[in-house]
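Here is a friendly briefing to read alongside the model. Take a moment to look around before going through the points below.

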Amino acid sequence: MSNEKPCRACTDFRTWAKRQKEVYDSEKGVQKKQDQTPVTSDKSNRDDCPLDKDELGSKSWAFLHTMAAYYPDKPTKNQKADMNNFFHIFSKFYPCNICAEDLQEQLKHSPPETGSQEKLSQWLCRIHNEVNKKLGKAEFDCTLVNQRWRDGWLDGSCD
Ligand SMILES: Cc1cc2nc3c(=O)[nH]c(=O)nc-3n(C[C@H](O)[C@H](O)[C@H](O)COP(=O)(O)OP(=O)(O)OC[C@H]3O[C@@H](n4cnc5c(N)ncnc54)[C@H](O)[C@@H]3O)c2cc1C
């Protein structure tokens, strides 16, 4: 088994904690008994711990959708080019490597649509839905994307 440091941002917290313990035990030469249940720590109550894959994911989506929500309706040529570059660079440095590779593949087939706020927000909604589908999650109704990320729900529940 590799002693590579487990990547917390690439996996859910329980898997990361289990792997962390395996690496620790193997470094300390601890023999794992056949019937030994892997010890996984429960997440502490602190709110200032490093992010796991799912926390990083939901916070990153919040940022990306909010950025798209406030993108100009009539962007300049430079803004369009910058936004396109942003997503390509983001996909190279996103700290969860399987997520980053997945996004890079998506960008090849579906490059950022930077023509307007509406186009960018709808494009990002479709990109996010592709990930939702891959993970077996429900698809989000993209007609609601501006209510979710910019205007608040029509019933006033966010006001
Ligand atoms: C670029 C990227 C790629 C990722 N790739 C992977 C991967 O390959 N494998 C993996 O396991 N995890 C991946 N993740 C993480 C994954 O998408 C989720 O963020 C994570 O599973 C936590 O999910 P969640 O239930 O908190 O909701 P999230 O999917 O994080 O969504 C957060 C909120 O966004 C809203 N929302 C949901 N869908 C849409 C949509 N289509 N458009 C607009 N708003 C929406 C909902 O209100 C939801 O509560 C990726 C994350 C990012 C940012």
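A crossing of two helices is called left-handed if the near helix is turned anticlockwise from the far one by less than a right angle, and right-handed if clockwise. With that in hand, note that this is a predicted model. In it, helix 3 and helix 4 cross in the left-handed sense, and 21 residues surround the ligand.

**Helix 3 against helix 4**
- Helix 3 covers residues 77-93, and its axis lies 7 Å from that of helix 4, at an angle of about 150°.
- Because angles over 145 degrees count as roughly antiparallel, helix 3 is roughly antiparallel to helix 4.
- On the helix 3 side, the contact uses Phe 87, His 88, Ser 91 and Lys 92, which meet Ala 100, Leu 103, Gln 104 and Leu 107 of helix 4.
- Sorted by class, this contact has four nonpolar, three polar and one charged residues.

**Around the ligand**
- The closest residues to the ligand are Gly 57, Ser 58, Cys 99, His 128 and Phe 140.
- At least two shell residues come from each of helix 2 (53-69), helix 4 (97-109), helix 5 (117-134) and helix 6 (145-151).
- Helix 2 contributes the most to this shell, with seven residues.
- The shell's make-up is ten nonpolar, seven polar and four charged residues.

**Helix 1 and what follows**
- Helix 1 (residues 13-28) has 16 residues, so at 1.5 Å a residue it should span 22 Å; its end C-alpha atoms are 22 Å apart, which agrees.

Terms used. Residues numbered from 1 in each chain as written. Predicted model: local features only at pLDDT ≥ 70, side-chain atom pairs only at ≥ 80, totals over all residues. Near = placed C-beta within 6 Å. Helix = DSSP H or I, 4+ residues; strand = E, 2+ residues; numbered from the N terminus. Nonpolar A, V, L, I, M, F, W, Y, C, P; charged D, E, K, R; others polar. Axes fitted to C-alpha atoms, helices over the stretch in contact; angles between N-to-C directions. Parallel < 35°, antiparallel > 145°, perpendicular 65-115°, else oblique. Contact = placed C-beta atoms within 7 Å. Expected span 1.5 Å × (residues − 1).
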